[in-house]
Amino acid sequence: MTLAESVWGWEQELSWRMAAAAPEDTVQGSFVNGTLAAVRKLGDAETVRCCLEASGEKKFIDFFSYPLRGFLRLLECAARRLGARWGGGEVVLRELGLHAHTDFLVSPVGKTAVLMSYGSPRKLVDTAPDIYRHSMSFGEQEVVWTGPSSGRFRLRGDFLPSVCHEGVLEALIRVAGGRGVRVERAWAHGLEGEYRFSWE
């Protein structure tokens with residue numbers, strides 16, 4: 001089975017990714033907690049409670065790893081509950097990607113990455129594959145530069161909703177001082193995809 005995201009909506013995409021994920025695919029608790037903090041910002045405590053229930057966990061510990069499928073169920077719950085308020089589930093998923101990594105970047109590991117970038121969006125984007133590897137057990141990422149402030153972000157073996165990556169990349173560029181940030185999906189198929197990004 002393959003995924004043609006130009007045809008499928010976010011609900012079908014999430015269902016496909018949950019079915020494709022294996023038990024050994026995991027995400028780190030700090031990334032999940034950043035997502036839950038974003039859910040609280042976009043919604044309320046009741047939405048957070050429902051998302052936790054959907055995940056099958058009572059709480060997440062930052063440096064522990066948790067099953068990816070539970071995290072995807074959490075995202076699905078958030079998108080369903082907050083979609084009407086924010087203009088649809090896809091908008092919610094993008095915002096969760098944006099806010100979750102903004103919260104991650106103020107964690108000890110995130111702060112180190114930001115400090116080492118010396119206020120350069122380019123240097124921080126270069127660390128994106130390392131940040132992803134710190135947050136999840138699956139996938140390969142690559143940054144390809146097309147100009148001083150533009151490039152492409154390529155993913156293979158990735159299970160997160162494609163629109164989440166747009167938010168993640170925007171968060172990385174903005175936190176390092178990038179202005180006029182633009183991120184868009186160039187293409188996505190199955191567990192692979194590519195995203196164009198730029199800033200002024």
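**Notebook: rings, salt bridges and a surface patch**

I looked up F31 and F71 and found that both are buried, where buried means under 20% relative accessible area, exposed means over 50%, and partly exposed lies in between (1.4 Å probe, protein chains only). The model is predicted, so I noted its limits: local features need pLDDT of at least 70, side-chain atom pairs count only at pLDDT 80 or more, and totals for chains, interfaces and linings use all residues. Residues are numbered from 1 along each chain as its sequence is written, and side-chain values use heavy atoms, with hydrogens and water left out.

**Aromatic rings**

I searched the whole structure for aromatic pairs and got 6. Rings of Phe, Tyr and Trp (its six-membered ring) pair if their centres lie within 6.5 Å; planes under 30 degrees apart count as stacked, over 60 as edge-to-face and the rest as tilted.

Next I checked F138 and F159. Their ring centres are 5.4 Å apart with planes at 85°, so this pair is edge-to-face. It also links distant parts of the chain: F138 is in the loop between α8 and β3 (140–147), and F159 is in the loop between β4 (150–156) and α9, 21 residues away. I found both F138 and F159 buried.

I then noted a cluster in which ring pairs link W145, F197 and W199. The ring of W145 has the charged end of R122 over it, 4.2 Å from the ring centre. For this entry, a charge sits over a ring if NZ of Lys or CZ of Arg is within 6 Å of the ring centre and within 35 degrees of the ring normal.

**Salt bridges**

How many salt bridges does the structure hold? I read off 15, each one a side-chain nitrogen of Lys or Arg within 4 Å of a carboxyl oxygen of Asp or Glu.

R94 and E166 form one of them, at 3.2 Å from N to O. R94 is in helix α5 (residues 89–104) and E166 in helix α9 (residues 162–175), 72 residues apart, so the pair links distant parts of the chain. Are R94 and E166 buried or exposed? I found both buried.

R174 and E170 form another salt bridge, at 2.8 Å from N to O. Both lie in helix α9, 4 residues apart, which is about one turn of the helix. E170 is buried at 12% relative accessible area, while R174 is partly exposed at 45%. Salt bridges that share partners join R94, E166, E170 and R174 into one network.

I also looked up R133 and D130, whose side chains meet at 2.4 Å from N to O in a salt bridge. They are 3 residues apart in helix α8 (residues 128–135), so about one helical turn separates them. D130 is partly exposed, at 46%.

**Surface patch**

Last, I looked at F64, in the loop between α3 (45–55) and β2 (65–67). F64 counts as partly exposed, at 46% relative accessibility. I61, F63 and F64 form a nonpolar surface patch with about 340 Å² of accessible area together. Patches are made of residues with over 30% relative accessible area and no salt bridge, with like charges joined within 9 Å and nonpolar side chains (Val, Leu, Ile, Met, Phe, Trp, Tyr) within 5 Å. Accessible areas come from the Shrake-Rupley method with a 1.4 Å probe, and for residues only the protein chains shown count as cover.

Technical notes
Helices (H or I, at least four residues) and strands (E, at least two) are DSSP runs, numbered from the N terminus.
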